[in-house]
Amino acid sequence: MFNTGLFLGLFLVFYFWYILLRKATTVRMLYVIAFSLFFYYKSSGIYFLLLIASSIVDYNLGNLVHRTQSEINKKLCLAFSVILNLGFLGYFKYSNFLVDGIYNLTG
């Protein structure tokens with residue numbers, strides 16, 4: 001939870017090291033990524049693997065868009081990325097709602 005003392009303590013430790021790394025931008029970026037993944041893992045468990053997989057797919061699709069000359073292939077990569085991310089969002093946000101609704105209708 002964002003309103004706990006534990007979060008405030010972790011944030012202060014994070015921010016202290018973040019300020020110290022201001023000259024080393026690559027190390028700073030890796031530090032932020034690692035800390036974010038750790039925080040997401042502690043709050044969501046194994047679902048952080050889904051975040052990593054989605055990030056890897058989006059990164060590779062972005063590289064493909066950059067390297068591809070064909071406009072149609074760029075649009076297909078973008079559409080695939082958007083559909084994939086919205087699919088994840090829709091599944092995790094609305095699947096329980098849909099299952100509960102069907103269960104309530106059918107008993």
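The secondary structure comes to four helices and zero strands, so to read the order off from the N terminus is simple: α-α-α-α. Keep in mind that this is a predicted model.

Along the principal axes, the C-alpha atoms fill a box of roughly 55 × 50 × 20 Å. Of the 107 residues, 9% count as buried. Looking at contacts with a separation of 6 or more, 25% come from residues 24 or more positions apart.

Next, the second largest pocket. It holds about 160 Å³ of space. Which residues line the second largest pocket? They are Tyr40, Tyr47, Leu50, Leu51, Ser54, Asn85, Phe88 and Phe92. Helix 3 (48-67) and helix 4 (71-106) are the elements that give two or more residues to this lining. By class, the lining has six nonpolar residues, two polar and no charged.

Last, Thr68, which sits in the loop between helix 3 and helix 4. Is Thr68 buried or exposed? Thr68 counts as buried, because its relative accessibility is 15% and the cut-off for buried is under 20%. Its side chain reaches the backbone oxygen of Leu64 at 2.5 Å. Leaving aside neighbours within four places in sequence, Thr68 is in contact with Asn73 and Lys74.

That is what I have; questions are welcome.

Technical notes
Residues are numbered from 1 along each chain as its sequence is written. This is a predicted model: local features need pLDDT of at least 70, side-chain atom pairs count only at pLDDT 80 or more; totals for chains, interfaces and linings use all residues. Side-chain values use heavy atoms; hydrogens and water are left out. On a 1 Å grid over the protein atoms alone, a cavity is a set of points where a 1.4 Å probe fits but cannot get out, and a pocket is an open set with protein on both sides within 12 Å along at least five of seven lines; lining residues have an atom within 4 Å of a point. Grid points are joined across faces, edges and corners, and a volume is the space filled by probe spheres set on the points. Ala, Val, Leu, Ile, Met, Phe, Trp, Tyr, Cys and Pro count as nonpolar, Asp, Glu, Lys and Arg as charged, and the others, Gly among them, as polar. Buried means under 20% relative accessible area, exposed over 50%, partly exposed in between (1.4 Å probe, protein chains only). A polar contact is a pair of N or O atoms within 3.5 Å; within protein, one must be able to donate a hydrogen and the other to accept it, and residues adjacent in sequence count only if both atoms are side-chain atoms. Contact means heavy atoms within 4.5 Å.
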